[in-house]
Amino acid sequence: MSSARMATIIELLPIGRPSVDILIENLEDDDWLVREAAADLLGKIADVRAVGPLVKRLAHDKDTGVKELAIKALGLIGDARPTQLYLEAIPIRPLRVYAMEALAKIKDVEVLRPHKELFDRLRTDRDGLVAYNAGLIADKLDALAGTDVTGQEGNHEDE
C-alpha cells in the first residue's frame, strides 16, 4: 500500500505547482516514507504555499528523516518565516547542516541580523558545511551593514 502511494507522489513532480495541494495533504500521511517524499518534492517545486505545512512537519513530526527533508525543502524555498526553527535545529546533529543551509538561503537576510554573533562563532565550527554557511551569512550581514570583512566602511552610493 505504501509503495503505491510513494509511486503516486513521485509521479507528481513533473506536474509541478498544480500538485502542491496534494503533496501538502500527503505531509499528514501515517507513513513516514510518504511524508518524506512529499516534503522532498515540495522543496523541489519550491512553492511558498508549502511553507506553513512544512514548518508544521519540522516542528512536530516524530521522524527525524521527515524533519530533515522538511528543513531542506524550506531552505530551497528561501522563506524567512521558519528562521527561529532553523536556529533551534542547529544543535541537533542530523539537522544542523540542513538548518545552516536553509539559513544561508533566506532571501531576507536582514532577519538574521540579531543572530550575527552566532554566525560569527559558527565560522569556526568543526563541521565544514556549518562553518561555510555561517561564513556566507556573516559576510552577507557585513555587506548589508556597509562594512567589508575588515570592518571598514563601504561605499554607500544611495546616501
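Mentor: On a 1 Å grid over the protein atoms alone, a cavity is a set of points where a 1.4 Å probe fits but cannot get out, and lining residues have an atom within 4 Å of a point. Grid points are joined across faces, edges and corners, and a volume is the space filled by probe spheres set on the points.
Trainee: What kind of model is it, and how are residues numbered?
Mentor: This is a predicted model: local features need pLDDT of at least 70, side-chain atom pairs count only at pLDDT 80 or more, and totals for chains, interfaces and linings use all residues. Numbering runs from 1 along each chain as its sequence is written, and side-chain values use heavy atoms, with hydrogens and water left out.
Trainee: How many cavities of 30 Å³ or more are there in the whole structure?
Mentor: A search turns up one. The largest cavity holds about 30 Å³ of space.
Trainee: Which residues line the largest cavity?
Mentor: Its lining is I71, K72, G75, L76, Y98, E101, A102 and K105. Helix 5 and helix 7 (93-104) each give two or more residues. Helix 5 has the largest share, with four. Helices here are DSSP runs (H or I, at least four residues), numbered from the N terminus.
Trainee: And what classes are in that lining?
Mentor: Four nonpolar, one polar and three charged residues. Ala, Val, Leu, Ile, Met, Phe, Trp, Tyr, Cys and Pro count as nonpolar, Asp, Glu, Lys and Arg as charged, and the others, Gly among them, as polar.
Trainee: Switching to the fold. How many helices and strands?
Mentor: Nine helices and zero strands.
Trainee: Where does D79 sit?
Mentor: In the loop between helix 5 (64-77) and helix 6 (83-89).
Trainee: Buried or exposed?
Mentor: D79 is buried, at a relative accessible area of 15%. A polar atom of the D79 side chain lies 2.8 Å from the backbone nitrogen of R81.
Trainee: What does D79 touch, leaving out residues up to four places away in sequence?
Mentor: V48, V51, L74, Y86 and I106. Contact means heavy atoms within 4.5 Å.
Trainee: And where is D63?
Mentor: D63 is in the loop between helix 4 (51-60) and helix 5. Again leaving out residues up to four places away in sequence, D63 touches W32, R35 and E36. D63 and E36 are 27 residues apart in sequence and 9.1 Å apart in space, C-alpha to C-alpha.

Note on methods. Buried < 20%, exposed > 50% of the residue type's maximum accessible area, 1.4 Å probe, protein only. Polar contact = N/O pair within 3.5 Å; in protein donor to acceptor, adjacent residues only side chain to side chain. 1 Å grid on protein atoms, 1.4 Å probe; cavity = no way out; pocket = protein on both sides within 12 Å on 5 of 7 lines; lining within 4 Å.
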